[in-house]
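Keep the sequence and the 3D view open side by side. The paragraphs below go from one local spot to the whole chain and back to single residues.

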Amino acid sequence: MRAAVLHETGQEKLEVLDDVEAVGFGPGRVRIRIRATGLCHSDLSAMSGVLPQPAPFVPGHEGAGEIVEVGEGVGHLKAGDRVVVCWLPACGACPACRRGQTELCLAGFMNAGTPNFRRPGGDVFGFAGTGTFAEEVVVDAGCAVPIPDDVPFDIAALIGCGVTTGLGAALNTADLEAGSSVAVIGCGGVGISAIQGARLRGAAEIVAVDPVASRREAALEFGATRAVSPDELADAKQQVTAGEGFDYVFEVVGKSATARTAYETTRRGGTLVVVGAGAMDDFLQLNMFELFFDEKRILPSMYGGGDVLRSYERTIALWRAGRIDLDRLITHRVPLSEINEALDQMRTGASLRTCIEI
């Protein structure tokens, strides 16, 4: 079968090969025919080494498709079922799951160290234990979440990561209050989803911050009340909040520099939500006095900070009701053979979300 493979961490190009085999099928596992997969910035981060991932590997973790085959002991799925791929399934038994913090379950991360694929030259891993830049993938049954028939595969793929992460940051992690002032730093697919979440919660002012003009324009269409470049953020803070700072600031870039800017842009007693996935050697510096004196809440948001399955259901309900716009999040569609062009679009900020049609 075909899959896009990164041979070594640090390479910028993927090679689309037709000699890849999805492996690991057996009890408790399912085989999925991928129909659509989104390109998420985390895929780029894994390719560059910002996020740890054994190589060679097949990127992709935001996918949807059809069940081809179910292993022994899988009773809730059957061949032909339409599913979204969940890269962070909850085991239901660990301390985090028992506390109700299923987004902190580590079971899914353990899958990243087990090869999902094989080539004549040896084993190939799947990013985040999945690897959806492939025609088929074998995963634990818990990674395959059924979706209703009226949800297209491309929309379902977005729900599998970016939309759930951004919406959840606003609705779950921040628990944003109506009438508040908000700034969102980084307006790709996840940032736009955070903007939609802030709009849903009734934020009075939503300032979108991004260096790419087309993304700023898109942010306005999705609910931002104003959009500025990073150099204009200080002026926006003055104009919107009289210099006090925003009630909520979402950092959706994953860099210490933007996180520090986000902290300084948050008002005293306000909330900074860290959504971007950054590198382990990139440190955010805060002094002990400002932490005490400013009493700003710093809330990391992992995969939207809530129960993933409930978040999927909520997102589908909001999409059906027309309360959120997922269709226009997909700005580009390409076949798997053009995956490298899609990577370049994301690197330059030309796309919000690219759908890879497989």
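Which residues does Gly10 touch, not counting residues up to four places away in sequence? Gly10 touches Met47 and Ser48, where contact means heavy atoms within 4.5 Å. Gly10 sits in the loop between β1 (3-5) and β2 (15-17). Helices here are DSSP runs of H or I with at least four residues, strands are runs of E with at least two, and both are numbered from the N terminus. At 47% relative accessibility, Gly10 counts as partly exposed. The cut-offs are these: buried is under 20% relative accessible area, exposed is over 50%, and partly exposed lies in between, with a 1.4 Å probe and protein chains only. Gly10 and Leu44 are 34 residues apart in sequence, and their C-alpha atoms are 9.7 Å apart in space.

A word on the model. It is predicted: local features need pLDDT of at least 70, side-chain atom pairs count only at pLDDT 80 or more, and totals for chains, interfaces and linings use all residues. Residues are numbered from 1 along each chain as its sequence is written, and side-chain values use heavy atoms, with hydrogens and water left out.

Now zoom out. The protein chain has 12 helices and 19 strands. Its radius of gyration is 20 Å, close to the 21 Å that the globule rule gives for 358 residues, so the chain is as compact as a globular protein of that length. The radius is taken over C-alpha atoms, and the rule is 2.2 Å times the number of residues to the power 0.38. Along the principal axes, the C-alpha atoms fill a box of roughly 60 × 40 × 40 Å. Of the 358 residues, 56% count as buried. Take the contacts with a separation of 6 or more: residues 24 or more positions apart account for 69% of them.

Next, surface and charge. The accessible surface of the protein chain comes to about 14800 Å², and 51% of it belongs to carbon and sulfur atoms. These areas come from the Shrake-Rupley method with a 1.4 Å probe; for residues, only the protein chains shown count as cover. The chain has 32 positive and 46 negative side chains. Lys and Arg count as positive, Asp and Glu as negative; His and the chain ends are not counted. The centres of the two sets lie 4 Å apart, with each charge placed at NZ of Lys, CZ of Arg, CG of Asp or CD of Glu.

The chain is divided into domain 1 (3-161 + 306-357) and domain 2 (166-300). Domain bounds come from an automatic or database domain assignment. The C-alpha centres of the two domains lie 27 Å apart. Across the boundary, 19 residues of domain 1 are in contact with 23 residues of domain 2.

Go back to helix α1 (residues 41-48). It is mostly covered, with 6 of its 8 residues buried. Those are Ser42, Asp43, Leu44, Ser45, Ala46 and Met47. Their cover includes β4 (29-38), β5 (57-58) and α12 (339-348). Just after α1, Gly49 takes a positive phi of about 95 degrees. In the loop between α1 and β5 you find Pro56. The peptide bond from Ala55 to Pro56 is cis, with omega near 0 degrees.

Most residues other than glycine have a negative phi, and most peptide bonds are trans. Two more residues deserve a look here. Glu295 is not a glycine, but has a positive phi of about 50 degrees. Glu295 lies in the loop between α10 (288-294) and β17 (297-300), and at 60% relative accessibility it counts as exposed. Tyr303, also not a glycine, has a positive phi of about 55 degrees. Tyr303 is in the loop between β17 and α11 (308-320). It is buried, with a relative accessible area of 3%.

Buried or exposed: which is Thr132? At 0% relative accessibility, Thr132 counts as buried. Thr132 belongs to the loop between β9 (122-126) and β10 (136-140). Leaving out residues up to four places away in sequence, Thr132 touches a set that includes Ile34, His61, Val85 and Ile358.

End at Leu220, in helix α7 (residues 213-221). At 43% relative accessibility, Leu220 counts as partly exposed. Beyond its neighbours within four places in sequence, Leu220 is in contact with Thr225, Arg226 and Ala227. The C-alpha atoms of Leu220 and Asp18 are separated by 42 Å.
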